[in-house]
Amino acid sequence: METERLKLRQFIFDDLDELYNLYHNPKVMKYVGKGILTRAETETRILSIIKSWKKNNFGMWAVVHKIDNKMIGRCGLCFLDNTPEIELGYLLNPKYCYQGLATEAAKASLRYGFEELKLEKIVVVAQPENIASRRVMEKIGMKYEKPANYYQTNVVYYTILSKEYQSNS
């Protein structure tokens, strides 16, 4: 899938080094899960992402910056922690933040979820202090619903329904 400035493609195992560089960066992982990941943990994650695409026809995409032709992050859909709900997730190399790229990738993921997968609802969670992520959520039309606890941490929980998405697109 392509957007104006990004190419979103499925991960391949050869992306391991680039994904590890992201997952091992404290700035990238500040608000993600338990923080930085080891190479072995990253390998487990990339195999899980690849498996999700085969099993569910969705997962995280590798986010490639068209100008640099570099993988700069990941974005896509996954199951929300121990639930059947579909969650939108995204993270980018800090060098590419504050340029609207996370918003661009997130919009493409919503479009895929609603138009291709015909989902009724997509959710997003973030740590309350992750203001940049919350801005992305609001820019793409997601609405704050409640405080919650997922991934063993307190989060804010946002949603968007397919009917709301269609009226915004």
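Leaving aside neighbours within four places in sequence, which residues is Ser 109 in contact with? Ser 109 is in contact with Trp 61, Cys 75, Gly 76, Leu 77 and Leu 88, where contact means heavy atoms within 4.5 Å. This is a predicted model, in which local features need pLDDT of at least 70 and side-chain atom pairs count only at pLDDT 80 or more, while totals for chains, interfaces and linings use all residues. Residues are numbered from 1 along each chain as its sequence is written, and side-chain values use heavy atoms, with hydrogens and water left out.

- Ser 109 sits in helix H4 (residues 101-116); helices (H or I, at least four residues) and strands (E, at least two) are DSSP runs, numbered from the N terminus.
- With a relative accessible area of 0%, Ser 109 is buried (buried is under 20% relative accessible area, exposed over 50%, partly exposed in between, with a 1.4 Å probe and protein chains only).
- Trp 61 is 48 residues from Ser 109 along the chain, and their C-alpha atoms are separated by 8.9 Å.

**How H1 meets H3**

- Helix H1 (residues 16-23) and helix H3 (residues 39-56) have axes that come within 9 Å and cross at roughly 120°; axes are lines fitted to C-alpha atoms, for helices over the stretch in contact, and angles run from 0 to 180 degrees between N-to-C directions.
- H1 and H3 are therefore oblique to each other (under 35 degrees is roughly parallel, over 145 roughly antiparallel, 65 to 115 roughly perpendicular and the rest oblique).
- On the H1 side the contact is made by Leu 16, Asp 17, Leu 19, Tyr 20 and Tyr 23, and on the H3 side by Arg 39, Thr 42, Glu 43, Arg 45, Ile 46 and Ile 49.

**The buried face of H1**

- Leu 16, Leu 19, Tyr 20, Leu 22 and Tyr 23 are buried in H1.
- Seen down the axis of H1, these buried residues fall within an arc of 160°, so they line one face of the helix; the arc is that of the directions from the helix axis to the C-beta atoms.
- The partners that the buried residues of H1 pack against are helix H2 (26-29), H3, strand S3 (70-79) and strand S4 (86-92).

**Loop residues to look at**

- Asp 68 is in the loop between strand S2 (60-65) and S3, and counts as partly exposed at 34% relative accessibility.
- Asn 69 also lies in the loop between S2 and S3; Asn 69 is exposed, with a relative accessible area of 62%, and has a positive phi of about 55° although it is not a glycine.
- Gln 152, in the loop between strand S6 (143-150) and strand S7 (153-161), has a positive phi of about 55° without being a glycine, and counts as exposed at 76% relative accessibility.
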